[in-house]
Amino acid sequence: MSVGSEPQGSAGAGAPATECGELELLRGLLDASPAAIIGRTLDGTITHWNVAAERLYGYRAEEVIGRRADLIFPEPWQVAEMSDANPRLLRGEVIAPAEGVRRRRDGSLVAVEVTVAPLRDADGQVVGACVMSTELTDVREGPRMRTPAAALLEEAQAIARIGSWEIDQATGRATWTDQVYELFGLRPERIPAGDSSPFRRLVHPDDLPAYEALHEEVLRTGEPGEVEYRVLRPDGAVRHLHSRARRVETAGGVKLVGTVQDVTDARALERETVATHDLFAGVLDAATEIAIVAVDTAGRITVFNRGAELMLGYTAAEMIGRHTPQAYHDAGELARRAAELGLAPGLEVLVASARAGRPETRDWTYVRKDGSTLTVSLTVTALRKDCGEIVGFIGTARDVTESRAADAARREAERRFKAAFEHAPIGVAITGLHGDARGRFLQTNPALNDLVGYAPGELDGMPVASITHPDDVEATDEAIDQLALGEGVTFEKRYVHRAGHEIAMLISVTPIPEEGDARPRYCVAQCINVSESKQFEEQLRHIADHDVLTGLANRQRFESELQRVLAEARRYDRAGALLLLDLDGFKHVNDQFGHPVGDELVARVGGVLASSVRATDVVARVGGDEFAIILQEVQEADAVAVAQKIIEAIRQHGVVIHGLQHARVTTSVGVTTFDAAIERTSEELIVEADNAMYEAKAAGRDGYRVYRRGTNRRQVLTRHDSWLERLRDALERDRFVLHAQPIRPICAEPEPWYELLLRLRNERDELIAPAAFLHNAERFDVMGEIDRWVLRRAVTLLHDHHRAGGQLRLAVNLSGLTMNDVALAEDLAEMLAARPIPEGALVIEVTETAAIGNIARAGELARDLRALGCHVALDDFGSGFASFSYLKHLNFDYVKIDGEYVRQMTATRSDQVVVRAVVDIAKGLGAQTVAEFVGDEATVEMLRDFGVEFGQGFHLGRPGPLAHTLPPPRYAAA
């Protein structure tokens, strides 16, 4: 709170409209301020010394008024800070807060933050300064070093002189004063009398024309002139000089006379422009960290400074004229204080002590304009006339919310430390840092003793190294050295339990300095058992390179392991074998019983394979029903034996029974061997095993084949039955086949909408599911050609269908590799130009993982496809754990909700929450939703309640050939 009188029209301050006038308000404000405020003239003579200054520096006002302010500066060079030549002050600039060191009356040093505002006379001239100082918490850096700006200022004050000169036009002889020599940096004894050329040679080349033109112009016109120029002095300094010249007619003839002055510092001053302030506004504006409010005797606010605006959120215009207690004081707190004083709630509660001549400083709660609260330290002082009559009150408040909270927290921490130490659920130890106690436990809590298997108090006095893992002792010593310097540390280490096993610990240690000793004598360590989290990290690493369904190594791990085994085989002259196998009849199981049954079968086969080989061998799931096995240090006969064992095991365990139906799967195994002499890359070995596997299938399945190398090392890459050749052959011979699965409306208008699904027809006219060949298509870089094949078929289907009068929408899933192909949009544009289709008839699906992997490209692709009249869907949303915020950047027309959230949605609350959230966000962004894996009518009803527009799954329609799935009119080409 604060006091004064009626405003003078300023938004930030007003002045009391009382007899006392502005001077009384200013005096009261200065004396009420918690900051030390010193008024002084330009030469440093003290004119005002407020109560806070008396407290801060130990001098009474009558002891210092009339004396120079340098009595509080500990070092002579600091006097430059208050010099009357200070350029910023002379320009009327308020000098922003800066830290400094001052000396008290008792000789002790105090760290302060200083703000300096100019004082002006009635004519607006700067005649002095108002210096506001607030004490910092401690003196850490010692006296300040002299700044370059202060040194430059002292040098400018020392060399600022004016020289004069004249030139007799009749004789051409020039004369000048000694100051001219000094300004140009020349020594008089080295300059011939009357010779001005040495001066001319020092003028900066760029300024020389103007320098010479001055004399000619003045002589020609007879009018005085002036010029400013730079000189390059012999000592290397560059100075700015200002010369004036005039023509003088004398009895002896015409003379040119003038002066030269160093204006280097003056120009520097001009570059440092800043707004000027009068005395009252200067004090208020400098106090942005302090709220200063003045009220008259009736309690009406008359002054509300910028600090108050920042603190409370009100503007001065909003507050001036209001009554202070009702404006921003906490009403309940005001009432409680009133009850303590026996007063009615109101202004008097705040000013009673000040009215009695005892300025009071007290913590209060302020209420901001937005309703939030803060704690302030408020000092209230009465504003009096010279006769002693009170005409108002001044309040200065500083936000102490954080400091008070910190103080309270510190006291609470101290109070509870002992209890927390004893009862903390984590280990806590106090350890010595110096002398005999260095590296020894001084005190340990029960939790730490229990963690490492010792009785309470048994560790006290023991070296920390005694229970530290030997490999971590050195790191622990380094941490103690760092702590001894006062630096906290956090690190991981291992303790050794009394029983002998290791315990992973996260140690966070804080050094604790003792009063009067600069070095911390001991430290407090918090010890958290992170053994479980370490195990969890291992689990995460396991998930990253293992198949989730089977627990076996995934394709990425398999490829890296194969490269490692091959490298070791070459280095240590070892032999080994690679087995590649898939399940015969697996597609029939998936189609007949559904994916859940197929997943259970794959998981079971993974277990069979893992139990059929040694622990040192590597078993991986590399595709939908495709597995790979790396056998280390075996010969061909051993590899064949393992293949036979696996074939027999899957015969026994490959039976699927579902209700009254059953099916059986077998396996075809391809075997290839390697040793140090066989120069094969991992990729080549995979193709060899793949070829052998298809030889086994061609031979009737349920068997194995060993790959036999020819004489040509590259034969493996050009065999007709390799996957690369098989896929290219499928493209050339049109062996790819399209099936379609319907997408049914749930909360949308009925319309024929289908997703196209890709199949591959092999030489025996069997259909191969995409899981068996798409990864090879990506591996051999033919995925883009396959995607374009599908797009051409889709465009043709849509063109023929709509030309025949039908309505149809088709969705095509785009691979991540094709999504990144910048030529895709151009190729699709050519297809559409040849066979136009209605807008929105073709929907391009992009999987979430591919889109999130390259958001910029996904957004660009969506824009290009829309420009062609296509719609875009984000497929499998949620499978990549992406943030929902990606949707607004990707801007898709449809969001397909990953089936993992739909399959068990009716029984899983978390899945319901995710699905509802996706629907709400998609609707807000203008997109429609499609739910995948819809398996029953209950799921359909819940999706309808959630507002999902479309659904897809076996319950709504199974995939099938185009001829049996698409509505009439029939398609023209398959």
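In strand β20, glutamine 526 is the bridge partner of serine 508. The model described here is predicted.

- Strands β19 (residues 502-513) and β20 (residues 520-529) run antiparallel and are joined by nine bridges.
- Both strands belong to an open sheet of five strands, in the order β17-β16-β20-β19-β18 and with antiparallel pairing.
- At the edges lie β17 (441-444) and β18 (489-496), each of which pairs on one side only.
- From one strand to the next, the twist averages 30°.
- Helix α18 (residues 473-484) packs on this sheet and touches β18, β19 and β20. The direction of α18 makes about 145° with that of β18.
- In general, the strands of a sheet pair through backbone hydrogen bonds, in either a parallel or an antiparallel manner.

**Helix α30**

- Buried residues of helix α30 (residues 824-834) are Leu824, Ala825, Leu828, Met831 and Leu832.
- Viewed down the axis of α30, these buried residues fall within an arc of 120°, and they therefore line one face of the helix.
- An α-helix has 3.6 residues a turn, so residues three or four places apart point the same way.
- Glu826, Glu830, Ala833 and Ala834, on the other side of α30, are exposed.

**Loop residues with positive phi**

- Arginine 701 is located in the loop between α24 (682-698) and β27 (704-706). Its phi is near 65°, a positive value in a residue other than glycine.
- Arginine 701 counts as partly exposed because its relative accessibility is 29%, and the range for this class lies between under 20% (buried) and over 50% (exposed).
- Phenylalanine 933 occupies the loop between β36 (928-931) and α35 (937-946). The phi of phenylalanine 933 is near 60°, again a positive value in a residue other than glycine.
- With a relative accessible area of 37%, phenylalanine 933 is partly exposed.

- Arginine 322 lies in the loop between α12 (316-319) and α13 (324-328).
- The relative accessible area of arginine 322 is 33%, so this residue is partly exposed.
- Beyond its neighbours within four places in sequence, arginine 322 is in contact with Gly299, Arg300, Ile301, Tyr314 and Ala327.
- For glycine 299, which is 23 residues from arginine 322 along the chain, the C-alpha atoms of the two residues are separated by 7.9 Å.

Definitions and conventions: Residues numbered from 1 in each chain as written. Predicted model: local features only at pLDDT ≥ 70, side-chain atom pairs only at ≥ 80, totals over all residues. Heavy atoms only, no water. Pairing = 2+ DSSP bridges. Helix = DSSP H or I, 4+ residues; strand = E, 2+ residues; numbered from the N terminus. Axes fitted to C-alpha atoms, helices over the stretch in contact; angles between N-to-C directions. Contact = heavy atoms within 4.5 Å. Buried < 20%, exposed > 50% of the residue type's maximum accessible area, 1.4 Å probe, protein only. Arc of directions from axis to C-beta.
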